[in-house]
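Visitor: Could you show me how to read the contacts that aromatic rings make in a protein model?
Guide: Gladly; let us bring up the structure and go through it together.

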Amino acid sequence: ICFRFCQFGTDNWPPVVAKVPTTMAKLFAVVCVLSLSFAATKALDNGLVRTPPMGWLAWERYRCNIDCSAEPHSCINEDLFLSMATHLHRDGWQELGYTGVNIDDCWPLHQRDTSGRLVADPGRFPHGIKWLADQLHNMSLKLGIYGDYGTKTCGGYPGMMGYIRTDAETFAEWGIDMLKLDGCYADVSLMNEGYAEVTLALNQTGREIIYSCSWPDYQRVSGKVI
């Protein structure tokens, strides 16, 4: 199933009909994931996402800030995601259903390794993504990651084009629970088949990974709905 992210910033915090720790509303943005139209979707009956997955996504607040020297507490690094996971776990959000912490763009190096695999920036993720996923799993939380179907991500990092199977296997080995797949630097006319290819590659890993895909919006904006 493909899902689309809905992001709320701290300035337009949504009303909550429950007793929740309201101080957290000032600390970070909440992400909800709304399902796209199911009219042309054949969902796998694998028990995943029977309700919209909820959690925290870095993009709305932190964008592609990689300057950890100047802003060590507000840059894209492992400390940020571990800190937010701890807030979800400790401050009551997890018990309300907020169980995902999602990395967005700008997390890897600009070059793949000699095997063609993505590499998390070692200066900002010194323990690696698998270690981070393990920390979240120890709190019964899930870790999501960002990729792009095109040759590059929107931030200019390596895309999945030509590396779909490699990246799917890498994400599975790291223990990733959700993939947000963007569509920058990609031919919109190839997205119907290309995003389906990613679906197949993820399923073939044997790991259950929620798949949040963006291609319908790229088709809408381009006027090339296929």
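Guide: Keep in mind that this model is predicted. Let us begin with a charge and a ring: the charged end of Lys-152 sits over the ring of Tyr-185, at 4.4 Å from its centre.

Visitor: Which residue lies over the face of Tyr-62?
Guide: That is Arg-61, which is 4.6 Å from the ring centre. Tyr-62 also belongs to a cluster, where ring pairs link it with Trp-56, Phe-81 and Phe-125.

Visitor: And how is a pair of aromatic rings described?
Guide: By two values, the distance of the centres and the angle of the planes. Here the count comes to 9 aromatic pairs. Take Tyr-149 and Tyr-195: their ring centres are 5.4 Å apart and their planes are at 40 degrees. An angle under 30 degrees would count as stacked and one over 60 as edge-to-face, so this pair is tilted.

Visitor: Why does the pair of Tyr-149 and Tyr-195 tie together parts that are 46 residues apart in sequence?
Guide: Because Tyr-149 lies in the loop between strand 5 (142-148) and helix 4 (164-174), whereas Tyr-195 is in helix 5 (residues 191-204).

Visitor: Are Tyr-149 and Tyr-195 buried or exposed?
Guide: Both Tyr-149 and Tyr-195 are buried.

Visitor: With which Trp does Tyr-195 form an aromatic pair?
Guide: With Trp-215, in a tilted pair with 5.2 Å centre to centre and 40 degrees between the planes. This pair links distant parts of the chain, 20 residues apart: Tyr-195 in helix 5 and Trp-215 in helix 6 (residues 215-222). Trp-215 is buried, as is Tyr-195.

Definitions and conventions. Residues numbered from 1 in each chain as written. Predicted model: local features only at pLDDT ≥ 70, side-chain atom pairs only at ≥ 80, totals over all residues. Heavy atoms only, no water. Phe/Tyr/Trp six-rings, centres within 6.5 Å; stacked < 30°, edge-to-face > 60°. Helix = DSSP H or I, 4+ residues; strand = E, 2+ residues; numbered from the N terminus. Buried < 20%, exposed > 50% of the residue type's maximum accessible area, 1.4 Å probe, protein only. Lys NZ or Arg CZ within 6 Å of the ring centre and 35° of its normal.
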